[in-house]
Amino acid sequence: MVRIAVPKETAPGERRVALTPEVVARLVKEGWAVRLEQGAGSSAFFADRDYTSAGAEIALRDELFRDAPVIFTVQPIEKSALVGLEPGTVVAGLMYPHRDPSRVQAMAQAKISVLAMELIPRISRAQSMDVLSSQATVAGYVATLIAARSSPRFFPMLTTAAGTIRPAKVLVMGVGVAGLQAIATARRLGANVWAYDVRKAAAEQALSLGAKVIELPISAEGEGGYARELTLEEQKTQQQALAGEVGKMDVVITTAQIPGRLAPTLLTAEMVGQMNPGALIVDLAAESGGNCELTRPGESVEVGGVKVIGPLNLPSELAVHASEMYAKNLYNLSKLLLKDGILNPDWKDEILAGALLTREGQVVHGPTQVLIEGGVH
Ligand code: NAD
């Protein structure tokens with residue numbers, strides 16, 4: 001039987017685990033053997049005994065990767081652990097190659113085949129493996145809860161003996177997967193919600209969730225359903241047109257991203273200066289530089305009474321469901337790896353080829369090759 005090993009995550013603050021007991025049971029049924037490091041699921045409240053009941057074995061770290069040609073992780077395995085891996089081992093997880101290209105080089109030197117889950121092409125056939133969508137769903141939900149908890153106001157309208165409370169005004173900027181979930185969550189909490197995006201399709205989706213749409217003449221449809229980067233002139237027009245709207249809001253949640261680039265600036269310091277004291281911004285793009293000029297990734301800053309929150313790794317905060325969704329994405333990927341009980345990935349398959357970072361001693365992902373050749377470490 002082909003064995004999948006799952007380590008306990010070691011990245012600071014990471015609470016998710018790559019496989020849940022439910023998914024282990026499915027994998028075992030389909031002919032895989034599964035081994036988890038002791039306590040691998042404990043931060044997400046999945047106990048070792050639940051994994052063993054599902055058919056997995058539990059091991060200490062020294063034994064974990066022995067005789068395991070496949071490894072599933074959430075975050076990349078530490079560099080120090082790469083040297084001990086058998087050449088040809090297939091490792092799948094979130095890899096963030098641009099954050100540490102030297103780690104990708106170390107993966108290539110270890111001669112392992114690394115699949116970056118976040119690079120899986122977003123084609124219909126790969127939807128069930130789409131970790132960007134599953135984890136963005138979690139992030140959008142958590143961002144709204146953070147906003148609601150940090151705001152000094154109610155979100156819903158209340159009519160009480162102590163007077164009537166008007167609903168909070170929430171603006172969601174960037175209406176992709178995370179933004180839609182942020183809108184839906186803010187609506188469920190009773191807020192008055194506005195939405196803004198540069199893609200036309202986003203407006204329809206936002207409307208269907210009960211948001212009001214801010215429309216500007218700038219349309220920036222890019223390839224594959226993504227947005228393209230705005231020109232400097234378009235950015236200026238956008239910022240000027242949005243300033244008045246932003247100034248009226250109690251809460252702004254930003255989620256705008258351009259694949260492979262720093263997040264676009266949607267909120268300048270000047271725009272934040274026009275917001276009322278007590279208003280707040282939750283910047284979901286903090287990890288890739290932020291949509292607000294004042295965002296400090298991983299921190300919360302206050303300027304003129306306006307709080308700017310730049311949370312990192314939000315899916316980890318909802319570790320149970322984020323892990324469940326992520327594990328199902330990996331389960332669907334596993335079907336591309338095993339054929340008739342034999343580990344036999346077709347590396348030419350569009351999905352695997354798109355996600356492949358390293359193989360047979362080479363870095364095969366073009367943009368990462370460019371980073372390495374350019375000496376970006
Ligand atoms: P993303 O995380 O790359 O970006 C988030 C949002 O920011 C996008 O809606 C984008 O239009 C918006 N944005 C970018 N620059 C902006 C700017 N300057 N101003 C305002 N908004 C800006 O996007 P995502 O959530 O990963 O997905 C984007 C699209 O891809 C969605 O339409 C989604 O439905 C689609 N998608 C398709 C598939 C599939 O077919 N398998 C899977 C996932 C997502």
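T358 of strand β18 (residues 356-359) stands opposite V363 in β19. The model is a predicted one, in which local features need pLDDT of at least 70 and side-chain atom pairs count only at pLDDT 80 or more, while totals for chains, interfaces and linings use all residues. Residues are numbered from 1 along each chain as its sequence is written, and side-chain values use heavy atoms, with hydrogens and water left out. Helices (H or I, at least four residues) and strands (E, at least two) are DSSP runs, numbered from the N terminus, and two strands are taken to pair if DSSP finds at least two bridges between them.

β18 and β19 pair in the antiparallel sense over 2 bridges. Both belong to an open sheet of 8 strands with mixed pairing, in the order β3-β2-β1-β4-β5-β6-β18-β19. Because β3 (57-59) and β19 (362-363) at its edges each have a single partner strand, one side of each is left without a neighbour in the sheet. Helix α11 (residues 319-334) packs on this sheet and touches β2 (32-37), β4 (70-72), β5 (90-93) and β6 (113-116). Contact here means heavy atoms within 4.5 Å. The direction of α11 makes about 145 degrees with that of β5; axes are lines fitted to C-alpha atoms, for helices over the stretch in contact, and angles run from 0 to 180 degrees between N-to-C directions.

A further open sheet, also of mixed pairing, consists of 7 strands in the order β11-β10-β9-β12-β13-β15-β14. Its edges are formed by β11 (212-213) and β14 (300-303), each with a single partner strand, so one side of each lacks a neighbour in the sheet. Strands β13 and β15 run parallel and are joined by 3 bridges, with L280 partnered by K307 in β15. The antiparallel strands β14 and β15 are joined by 4 bridges; S300 is the bridge partner of I309 in β15. These two strands form a hairpin with 2 residues between them, and G304 in the turn has a positive phi of about 55 degrees. Helix α6 (residues 131-150) lies across β12 (251-254), β13 (280-283) and β15 (306-309), running at about 160 degrees to β13.

The ligand is surrounded by 24 residues, of which the closest are R122, V177, D197, R199 and Q238; a residue is counted if one of its heavy atoms lies within 4 Å. By class, this shell has 12 nonpolar, 8 polar and 4 charged residues, where Ala, Val, Leu, Ile, Met, Phe, Trp, Tyr, Cys and Pro count as nonpolar, Asp, Glu, Lys and Arg as charged, and the others, Gly among them, as polar. Polar contacts (pairs of N or O atoms within 3.5 Å) include one between an oxygen atom of the ligand and a backbone N or O atom of V177, at 2.7 Å. A polar side-chain atom of R199 likewise lies 2.7 Å from a ligand oxygen atom.

Conventions:
A polar contact is a pair of N or O atoms within 3.5 Å; within protein, one must be able to donate a hydrogen and the other to accept it, and residues adjacent in sequence count only if both atoms are side-chain atoms.
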